[in-house]
Each structure stands twice: as C-alpha cells, then as structure tokens.
Amino acid sequence: SLWIKYYKMSKIDREKRIVSKMIALYCRHKLGAKEMPEEYKMLEEYAHKRLNGCKFQEQKPACKRCTIHCYKPDMREKIREIMRWAGPRMIIYDPIAAIRHLINK
C-alpha cells in the first residue's frame, strides 16, 4: 500500500517528496502556473541536492532548527516563502505527509 511505501522511505527521501509537493502546490495554486516554471524547477533541484548532501541524513533536524544552514541566502528565502504559503495547505493535499512533517519538526 501507499502508506507502507511511504513509511519505508528514508527521511531524506520523505523530505525531498515534501519539498517537491510544496513547490508544486505553490506554483499551481499561488502562481496559477499549469507547469512548474524553470526558476522553481531549479529551486527543487537545489533543495534535493542540499538534502542529498545533508551531513545529518537520518538524524536530520528541521531545516529552520539546523545548526548548519546549507542554503544560499536567496534560495533560503525563496524556500521559506514557499513553505510559509504551502505548509498550512499540505493538510488538504497530503494529510499524512503534513502530519508526519509536523511531528518531525
């Protein structure tokens, strides 16, 4: 089942899935874009690259609580804006991921 598949994912894979969903949600509903603009595709790739290189891996804290801020300041501000907007809406679009994300914060 989907729940078991999600549960067996690594923490980094779950984080990548959540950030991708948040960016897609933001683009679709906030920007009204049918397809993700190139700028946001680049942000998604950047976020995935940062997550892949996270030195904490399975013990990774929430990014805003991390002692190492690995995002460039401009990218960090963009992802913050997206998370502020998309975060509360995730409960509607992916309730399981949203609840897990809140618990892991």
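Cys66 is buried, with a relative accessible area of 13%; buried means under 20%, exposed over 50% and partly exposed in between, using a 1.4 Å probe and protein chains only. Welcome to this predicted model, in which local features need pLDDT of at least 70, side-chain atom pairs count only at pLDDT 80 or more, and totals for chains, interfaces and linings use all residues. Residues are numbered from 1 along each chain as its sequence is written, and side-chain values use heavy atoms, leaving out hydrogens and water.

**The cysteines**

Cys54 is buried too, at 14% relative accessible area. How many disulfides are there? With a disulfide taken as a pair of cysteine sulfur atoms within 2.5 Å, the count is zero. For Cys54, the nearest cysteine sulfur belongs to Cys66 and lies 6.0 Å away. Cys66, likewise in no disulfide, has the sulfur of Cys54 as its nearest, 6.0 Å away.

| Residue | Relative accessible area | Nearest cysteine sulfur |
|---|---|---|
| Cys54 | 14% | Cys66, 6.0 Å |
| Cys66 | 13% | Cys54, 6.0 Å |

**The nonpolar patch**

Helix 4 (73-93) and helix 5 (95-104) each supply at least two patch residues; helices are DSSP runs of H or I, at least four residues, numbered from the N terminus. Helix 4 gives the most, with three residues. Tyr93 sits in helix 4 and is partly exposed, with a relative accessible area of 45%.
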